[in-house]
Amino acid sequence: MSGSVTQASGYRESATMTTTFDGPEQPIPRKRDQPSFIDTIVGRRSGLHAILSQVEAVAPTNATVLITGETGTGKEVIARAIHELSPRRSRNLVKLNCAAMPSGLLESELFGHERGAFTGAVASHLGRFALADRGTLFLDEIGDMSLDLQPKLLRVLQEREFEPVGSTRTTRVDVRVVTATNRDLQQMVRDREFREDLYYRLNIFPISLPPLRERKGDIPEFVRYFVQHYADSMDKTIDTIPEETMRFLVRHPWPGNIRELQNYVARGVILSTDGLFNCAPPERSDPLPAEISNPTLEDKVRKEILAACQRANWKLGGPRGAAARLGLKRTTLFYKMKRLGITPPSDSSQD
Ligand SMILES: Nc1ncnc2c1ncn2[C@@H]1O[C@H](COP(=O)(O)OP(=O)(O)OP(=O)(O)O)[C@@H](O)[C@H]1O
Ligand SMILES: [Mg+2]
């Protein structure tokens with residue numbers, strides 16, 4: 001098959017329709033003249049059709065949604081779709097990634113803090129719940145939220161009120177919460193790493209995203225879409241995807257799912273000349289190009305974990321260990337280190 005690249009290029013990572021947060025920025029008002037986000041979702045008429053029907057059913061309600069799926073399967077895309085199809089779409093979609101954030105910092109990010117609430121709190125700070133008032137709050141990697149913070153989240157979900165850190169003033173909010181994780185929360189409940197009551201409260205409407213290897217039929221559409229997207233952004237014209245290339249891309253298992261495929265295609269576009277999409281068959285453990293894999297938050301988290309480990313002499317557990325310093329369970333820290341590729345020096349004892 002020699003595919004002409006005719007995919008519409010509406011979907012953009014810059015999230016112009018909604019506001020997401022990984023850092024301390026302020027919300028940007030939603031622009032009204034953008035193409036519909038839903039129309040730009042690849043696979044909406046094929047592999048994602050059933051999922052998008054679930055999204056359409058739950059979006060107009062205020063129900064809490066728990067999105068599960070392996071890394072890179074599109075959990076954040078689905079969270080945005082829920083917001084965009086909800087009556088809250090003219091308000092903010094606020095995102096917070098709970099991964100590896102020490103619980104003190106996460107608490108103040110969620111609920112805000114008063115000036116002087118802790119060392120370094122030189123000004124008061126509005127939390128994500130307040131920023132998401134009348135909109136949607138997307139809590140990513142919810143499985144990484146520490147046990148001591150979980151009851152505080154449960155309370156705001158049940159009573160719609162909270163107190164900013166260091167304040168006695170109760171704030172009431174109207175926030176729709178969508179959460180996502182690639183961890184097995186049920187197993188975490190069994191292991192007593194996640195509160196059962198919070199799990200049931202979050203799991204009111206679960207949506208589970210299949211890995212890309214189980215929806216291979218969507219791969220050609222994704223490839224055409226990403227080729228067009230990156231060709232546009234790099235000011236290139238690519239009009240032919242060789243049949244052989246498409247065949248090996250469809251055969252590959254893509255353990256990093258859509259994100260891995262996307263990054264792979266981006267690299268191919270960089271190397272392409274003469275209108276022909278040029279990429280070599282992928283190997284299994286292909287590293288992601290740093291400039292495309294959004295290293296900022298991950299880098300910060302890696303730095304923070306490394307610093308805590310070094311301060312604790314690579315002792316992870318115990319009251320003075322790195323896990324305690326970060327406000328994390330030892331097993332959670334261990335999991336994060338593994339995911340971030342942090343390995344202790346060979347002469348350290350880690351207990
Ligand atoms: N249906 C889709 N159409 C177009 N692009 C998609 C689709 N699903 C995912 N993507 C793209 O794939 C990448 C990964 O998606 P997303 O960030 O939503 O995955 P995730 O499940 O949240 O991953 P992680 O668990 O690593 O956070 C993003 O760049 C996103 O834009
Ligand atoms: Mg995500």
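A salt bridge here is a side-chain nitrogen of Lys or Arg within 4 Å of a carboxyl oxygen of Asp or Glu. By that criterion R155, E159, E161, E163 and R172 are linked in a network of salt bridges. The model is predicted. A search of the whole structure gives 19 salt bridges.

**Charged pairs**

| Pair | N to O distance | Relative accessible area |
|---|---|---|
| R80 and E76 | 3.5 Å | R80 6%, E76 23% |
| D174 and R88 | 2.6 Å | D174 25%, R88 7% |
| D144 and R183 | 3.1 Å | D144 2%, R183 14% |

R80 and E76 both sit in helix α2 (residues 75-84). They are four residues apart, so about one helical turn separates them. R80 counts as buried because its relative accessibility is 6%, under the 20% cut-off. E76 is partly exposed at 23%.

D174 lies in the loop between β5 (171-172) and β6, and R88 in the loop between α2 and β2, so the pair ties together parts 86 residues apart. D174 is partly exposed, whereas R88 is buried.

D144 and R183 also meet in a salt bridge. This pair links distant parts of the chain, 39 residues apart. D144 is in the loop between β3 and α5, and R183 in the loop between β6 and α6. D144 is buried. R183 is buried too.

**Strand β1 and its surroundings**

Strand β1 (residues 65-68) runs parallel to β6 (residues 176-181), joined by four bridges. β1 also pairs with β7 (residues 205-208), in the parallel sense and over four bridges. I67 stands opposite A180 in β6 and opposite I207 in β7.

T64 belongs to the loop between α1 (49-58) and β1. T64 is buried, with 4% relative accessibility. Beyond its neighbours within four places in sequence, T64 contacts V177, R201, L202, I204 and F205.

**Nonpolar cores**

The largest nonpolar core has 31 residues. L110, F129, L139, I142, L153 and F194 touch the most other members. At least two residues each come from β2 (93-97), α3 (103-111), α4 (128-131), β3 (136-140), α5 (150-159), α6 (185-190) and α7 (196-202). Helix α5 gives the most, with four residues.

F194 touches I142, G143, L147, Q150, L185, M188, V189, Y199 and L202, leaving out residues up to four places away in sequence. A second, separate core holds 24 residues, including V42, I238, V265 and A266.

Note on methods
Residues are numbered from 1 along each chain as its sequence is written. Chains are lettered from A and ligands numbered from 1 in the order in which they are written. This is a predicted model: local features need pLDDT of at least 70, side-chain atom pairs count only at pLDDT 80 or more; totals for chains, interfaces and linings use all residues. Side-chain values use heavy atoms; hydrogens and water are left out. Two strands pair if DSSP finds at least two bridges between them. Buried means under 20% relative accessible area, exposed over 50%, partly exposed in between (1.4 Å probe, protein chains only). Contact means heavy atoms within 4.5 Å. A nonpolar core is a set of buried Ala, Val, Leu, Ile, Met, Phe, Trp, Tyr and Cys residues joined through side-chain atoms within 4.5 Å.
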